[in-house]
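Take a look at the model below.

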Amino acid sequence: MENSVYIAMSRQATLEREMDITANNLANVNTPSYKAEKLVFREFLMDTQRRAPGLSYVQDLGQYRVLDEGPIRQTGNPLDVAISGDGYFVVDTELGDRYTRHGRFQLDADGTLITGTGEPVQGEAGPIVIPPGETDLSISGDGVISGNNGQLGQLRIVRFENPEELRRAANGMFTAQEDPVDVANPKIIQGSLEDSNVEAVLELTNMMRISRDHQRVKKFLDQEDRRMRDMIDKLTRATA
């Protein structure tokens, strides 16, 4: 039965990892454009040979990101921009290009369009700069930014053949191992943001299930500990 104990302990470690992922999802339920993460596992069902149901263990294989689009929420801010469908904004950082769907932008003192953390947002021809005096800024469905004096630039929207391989970076952005491809016909919504795709009720339900599973495994380990102690005690008495 030692093998069963090792498997149960492995299951506890996996449950702790799953709880961490679930808690992180819940912590980001209000983070614009956040994508929920899930655990990838392989199930192993063990028959305990008791009246209680068999214990289900898993092998932790990794985690994956849920790429479903989050709800689009209107904000009324003319520099808030959401992408409907495929695509990412391109952000120029000190570490190179980063990619995000978080479109809460603003202008710095020089009129450059930047993210909330101060990095320039890339347009088709480089950083987008709004000249002084421009008013009535509008962003069309294809990402063209216009003011009272005409067009000022166009947001660069890119996509990836394997978006699931994007790696999380700071400030809600991603790094890419492959070269991006420009989206020919992006769908941009001005005055809106894409909300997190985390479903709070499902995550809370999952958290309760993880807690119950953890208690079941702990109970099993406690029972095995008592059984082995009793066995050792009986063997000691028999050989005394």
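Predicted model: local features only at pLDDT ≥ 70, side-chain atom pairs only at ≥ 80, totals over all residues.

Residues are numbered from 1 along each chain as its sequence is written, and side-chain values use heavy atoms, without hydrogens and water.

There are 4 aromatic pairs in the structure (rings of Phe, Tyr and Trp, the last by its six-membered ring, with centres within 6.5 Å; planes under 30 degrees apart are stacked, over 60 edge-to-face, the rest tilted). One of them joins Tyr 88 and Phe 160: the centres are 5.8 Å apart and the planes stand at 65 degrees, so the pair is edge-to-face. Tyr 88 sits in strand 5 (residues 88-93), and Phe 160 in the loop between strand 14 (157-159) and strand 15 (167-168), so the contact ties together parts 72 residues apart in sequence. Strands are DSSP runs of E with at least two residues, helices runs of H or I with at least four, numbered from the N terminus. Both Tyr 88 and Phe 160 are buried (under 20% relative accessible area, 1.4 Å probe, protein chains only).

Tyr 88 also pairs edge-to-face with Phe 174, at 6.2 Å centre to centre and 80 degrees between the planes. Phe 174 belongs to strand 16 (residues 174-175) and Tyr 88 to strand 5, so this pair links parts that are 86 residues apart in sequence. Phe 174 is buried, as is Tyr 88. Tyr 88, Tyr 99, Phe 160 and Phe 174 form one aromatic cluster.

Technical notes:
Buried < 20%, exposed > 50% of the residue type's maximum accessible area, 1.4 Å probe, protein only.
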